[in-house]
Each structure stands twice: as structure tokens, then as C-alpha cells.
Amino acid sequence: MSSHLFPTYNRADVAFVRGEGSYLYAEDGTRYLDLGAGIAVNAFGHANPRLVAALTAQAQQLWHVSNLYRVPGQESLSRKLTDATFADVVFFTNSGTEAVELALKTARRYQFVSGHPERFHIVSFTGAFHGRSYGAVNATGNDKYLEGFGPKMEGFDHVPVDDLDALNAVIGPQTGALIIEPLQGEAGVHAVKPEFLRALRRICDEKGLVLIFDEIQTGVGRTGKFFAHEWIGVTPDIMTVAKGIGGGFPLGAVLATAEAAKGMTPGTHGTTYGGNPLAMAVGNEAIDMVLSPGFLEHVNKVANYMHQQLGSLVAGHPGIFDSVRGQGLMIGLKMKVPSGEFIAKARANGVVVLPAGDNVVRLLPPLTITEDEVREGIALMEMTASQMESHKEAAQ
Ligand SMILES: *Cc1c(COP(=O)(O)O)cnc(C)c1O
């Protein structure tokens, strides 16, 4: 392994060099079923022919022009996104963190141009993950991610999720916006109560606060709806999107109502790469696929099957698994054994699964996964669980 990289990741000693559909291939040719999809990114599987065609066609035309000029791909993709959501306007970024950063800036500018420059406080919730730049990591509020990076930024308040009393106690004359993931990913696929999300909408309306949903992980079909908030019937004022929207090409977006974005006038924000023609070629194709008839039906059908199968897996190995949770193809297996051990052994058996907080194994397969592939994945996890059980017995 190279020692010329920042050692910020404890990397597994495997290098994938090729992918096709739901499968990855390592340097030595070993095939793995991919139930992680690059952390909810490869939503259409690896080397999806439509995405490959869109990207290579664009690569032969024009890579980059800068946002000093019109970019037709941005015009078409923003129209598709606003037609299909609550939003009126879109800004394209290169990553999720950048989208969060802009969402926070947009919310503060909204309060500023509305005559409330004092309302710069952002409220976020325990267990949140919003990214690693200064604004995003302060919204994340995880002390482990903040230690050693200087004083915590002013203007970020954190309250326990699902706790309205705590929220009401924190909201004051300086509060400007709330940010939350409708289903928390990094926290261990932790569901937020629908009543709580509806209450957030009510509170924001009453007090003139901006509601931001971070749908970077939950969006673009992951939970079986285009965006997860559609399940609960409340819409945010601003939403962050990334991961699945680029299918593996770096792409993020901020979606907002015209009202919430009214402070973002010329010169208030910018990006060199965001929304460049390569990203737009892929993003346009990706959104066409998600919104095509039958796509989300497939996600819901295969997800129901997977939840059912995982239920049996968990019931059959009560010493290994505690429970299944999540929605659609965003699934958590709460473990009774250390999740890291299960993940390493599962990989040795040929299936890639992901870690998350709360000792959860996270499953975020390509949305294009088939029932046969799900069956194969369950069998490989079953084998892994059995091996860990016999190991436990031998140790007793
Ligand atoms: C991954 C993620 C981010 C950060 O996105 P990056 O592309 O890694 O910058 C922010 N919020 C949520 C909910 C995420 O899952």
C-alpha cells in the first residue's frame, strides 16, 4: 500500500479495478457483489452503458467552459429537477459537502436580505452527518471530527433528534435555519420520526426559519421515492443532493424555492468546476433513468424483497444480528458482533458491505440490483454469519 497518501483512512487492503453492474473486480480478478455502491453513489451500477455513453460522447465535445457562460446541460438538468420537486432553482456543486456549505450560506443570506442579519444560527441534530468542510463539519457537530481544528464556529446549535422540547428550548431570536437528514445515514441508518419532520416544517413556518433537508444519501431514488421527504409529505425550503445524482461522477446540487434563494444574487457564490459539461451529461442521463417509468417501482419491489430476506437472515442468526432497519435500498443491520469484523469477513466471502455508526452494517446496493443478486448477497452474508457463529462456539 502507498505511504504517500494522507493516512486519514483506515483502508481495507483491496483495490477494485473494474466494475460491471452490481459487481466489482479486484486486481487479482476476484469478483465481489457490491452492496455498498461506493456509499450510495453508483446508483445505476458500475459502468452503466447509458452513463458511459453520455460521458464519452460529452468527453469528445467539450469538458469545461466555466460558469461565466451558459451551460446547456445545467439548464436542462435544473429544469428536470425543479419539474420533479418542490424547488424553483438549482446550483450545481462537485460534492455533497459543497452543497451543504451553499445551503447554509443560502439560508443565512435569506435571513440577511429579509432584514434579520441576527438570525445566523443553524440548528442541527445529534447523529447528523453533513460533511467535512468547516461549515458542514460544524453543522455535523461530531466532536471527534472537530477536535484540533480550532475553535468551534459560532452559530451552530445541536439538539437531540426527535426531541421537540429540546428544539424549542434552543430556538431563539438568533436562529435562522434547521438542517436535518430525513433518514440519518452515518448515524447507522437511523429513522427520524415523521411527526418530528412535520413539526419542523410547522415551526419553520411559524417562526420564519429556513428548513434544509440534507438528502445527499437519501435522495435520487435511494429510499424508493425520488426524494425521501416525499414519504412524509413535507417539503423543505432548501435541499442538498449529491452521491446518486452523478452515478459515480462527482456531482452535487442545492435545490431551493425562489423565496429561500432570494439572497443569492450575482457575486454571492461561485464555483469553477460545479456543473461542468461532463457532470451535466452524466446528471441529465441519471435523472432521466430515475424518473423513467418503472424505475422507482423496481427499487420498491426489490427493496421489499431484500427487507423480507434480511428479516429471515436476522431471525436465523440471533447471536450475530439484532435487527433490520431503513427504507428502500438504504438499509441498516444492527449487529450484536462488532460490525467491522462482519464487514471484513463478508468481503473475504465476496460481498462488499459498509460500516455506519451504532454498530450497524449498512447496505446501499445499486438501485438496479436484481432479486437474484439480492439472493446471492443474502447467501454470502448467511455464510459469513455461520462462520462467525462456529468461531464463537469454538472459542467457548
Ligand atoms: C456523504 C454525505 C455528505 C457529504 O458529501 P461529500 O460528497 O462526501 O462531500 C453530506 N451529507 C450526507 C447526508 C451524506 O451522506
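1. A47 sits in the loop between helix 1 (37–40) and helix 2 (49–59). The model is predicted. In it, A47 has a positive phi of about 50°, although A47 is not a glycine.

2. S66 is another residue to look at for its backbone. Its place is the loop between helix 2 and helix 3 (72–83). The phi of S66 is positive, about 90°, and S66 is not a glycine either.

3. Next, the ligand site. The surrounding residues are S95, G96, T97, F129, H130, G131, E181, D214, I216, Q217 and K243. By class, this shell has six polar, three charged and two nonpolar residues.

4. The side chain of T97 places an N or O atom 2.5 Å from an oxygen atom of the ligand. D214 has a polar side-chain atom 2.7 Å from a nitrogen atom of the ligand. F129 uses its backbone: an N or O atom there lies 3.1 Å from a ligand nitrogen atom. Taken alone, the ligand exposes 380 Å². The protein buries 82% of that area.

5. Last, a helix pair. Helix 11 spans residues 339–348 and helix 12 spans residues 371–395. They pack with their axes 9 Å apart, at an angle of about 120°. Angles from 65 to 115 degrees would count as roughly perpendicular, and those over 145 as roughly antiparallel. Helix 11 and helix 12 are therefore oblique to each other. The crossing of helix 11 past helix 12 is right-handed.

Note on methods. Residues numbered from 1 in each chain as written. Predicted model: local features only at pLDDT ≥ 70, side-chain atom pairs only at ≥ 80, totals over all residues. Heavy atoms only, no water. Near = heavy atom within 4 Å. Polar contact = N/O pair within 3.5 Å; in protein donor to acceptor, adjacent residues only side chain to side chain. Areas by Shrake-Rupley, 256 points an atom, 1.4 Å probe, with all protein chains shown as cover. Nonpolar A, V, L, I, M, F, W, Y, C, P; charged D, E, K, R; others polar. Axes fitted to C-alpha atoms, helices over the stretch in contact; angles between N-to-C directions. Helix = DSSP H or I, 4+ residues; strand = E, 2+ residues; numbered from the N terminus. Parallel < 35°, antiparallel > 145°, perpendicular 65-115°, else oblique. Left-handed = near helix turned anticlockwise from the far one by under 90°.
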